[in-house]
Amino acid sequence: VIATSPQFFCGWAGVWASRLRRAPFILEIRDIWPESIGTVGAIRNRAILKTLEWLEKRMYLAADHIVTVGEGYRDRVLERADVGEHTSVVTNGVDMAQFIPRAADPELLAQYGLAGKFVCSYVGTIGMAHGLEVVIDAAQLLRSRGRDDIRFLFVGDGSQRAALEQRAAAAGVTDMVVFAGRQSKNRMPAVLASSSVCLVHLRGCELFGTVIPSKIFETMAMQRPMIMGVRGEAREIVASANAGLDMEPDSAESLAGCVTRLADDPLLLSQLGTSARSYVEQFYNRDVLAARMLAIAEQVGGPAGTPTPATEMDLVPTRGGKLEIASK
């Protein structure tokens with residue numbers, strides 16, 4: 001039985017399903033609950049959070065093996081439960097056959113009034129953790145500097161979208177900040193190809209330094225550079241790939257500076273995109289990562305259904321993005 005987060009109780013469903021089936025249980029961790037909901041203030045009641053923390057630890061201990069999508073997540077899991085011998089890291093990756101570099105889509109650009117503009121896109125959930133007020137504030141700064149050539153495009157939906165639209169209207173930048181709403185997955189290659197650069201941003205708190213947003217791999221595969229407003233392992237990956245510029249999380253001045261620099265330097269923009277595609281092909285091909293996940297499942301199941309550690313000879317992505325053999 002394999003269950004995944006970030007839905008906390010999906011993990012617990014896996015615990016009970018494995019017990020009912022008397023089958024080995026693999027838990028995949030894509031978010032650290034309940035810490036993440038406490039960090040963004042979605043739940044403030046300490047008694048509830050303490051109960052969820054107890055359930056979190058019991059869930060980790062119930063798993064025969066835990067697979068996290070990043071080293072930072074594994075570190076967090078190990079802080080909470082003694083499961084060191086039963087953990088592996090399998091990062092997110094990208095379907096290289098679907099995400100292939102292409103020319104911008106003129107119809108998409110025309111639809112949102114972006115033709116002839118330098119487009120900085122944010123693609124994904126517009127939620128409490130993402131701190132996207134920084135985009136509205138950066139648009140104000142660029143407006144004051146006369147940069148009418150730059151536009152911001154939001155593609156996605158979430159709990160903070162309406163508030164951001166209101167903020168953009170109050171700031172008088174609705175012409176510079178476009179909200180395209182939720183789009184189908186199969187339209188994402190066209191969206192990315194039509195973006196000059198993509199923004200990846202989370203609020204600048206310690207917990208979010210453990211997150212590796214999967215969108216970075218799709219963006220790199222489409223040969224698009226990034227502005228990285230995320231600390232930790234994700235930033236290290238992009239730096240190793242030479243695939244983008246760093247910005248200070250939550251800093252409108254930093255975001256405006258990065259966008260301006262790339263808009264004014266087409267050669268740098270092209271170099272970052274080319275480097276991004278080359279790197280993701282080498283280290284984050286989803287077919288390779290899927291084979292690794294399958295190998296872990298086969299090892300945990302064992303020849304007679306007996307759970308066995310899957311860490312003795314694993315290919316482990318290091319913090320620099322390279323794959324190395326890790327012996328127990």
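This note goes through the aromatic contacts of the structure.

1. The model is predicted, so that local features need pLDDT of at least 70 and side-chain atom pairs count only at pLDDT 80 or more, while totals for chains, interfaces and linings use all residues. Residues are numbered from 1 along each chain as its sequence is written, and side-chain values use heavy atoms, with hydrogens and water left out.

2. Across the whole structure, a search finds 6 aromatic pairs (rings of Phe, Tyr and Trp, the last by its six-membered ring, with centres within 6.5 Å; planes under 30 degrees apart are stacked, over 60 edge-to-face, and the rest tilted). One of them joins Tyr279 and Phe283, a tilted pair at 4.7 Å centre to centre with 55° between the planes.

3. Tyr279 and Phe283 are separated by about one helical turn, because they stand 4 residues apart in helix α12, residues 266–283 (helices are DSSP runs of H or I, at least four residues, numbered from the N terminus). Tyr279 also forms a tilted pair with Tyr284, at 6.3 Å centre to centre and 35° between the planes.

4. Phe217, Tyr279, Phe283 and Tyr284 form one aromatic cluster. Tyr279 is buried at 9% relative accessibility, as are Phe283 at 13% and Tyr284 at 1% (buried means under 20% relative accessible area, with a 1.4 Å probe and protein chains only).

5. Arg19 lies over the face of Trp16, at 5.0 Å from the ring centre (for Arg, this requires CZ within 6 Å of the ring centre and within 35 degrees of the ring normal).

Note on methods
Helix = DSSP H or I, 4+ residues; strand = E, 2+ residues; numbered from the N terminus. Buried < 20%, exposed > 50% of the residue type's maximum accessible area, 1.4 Å probe, protein only.
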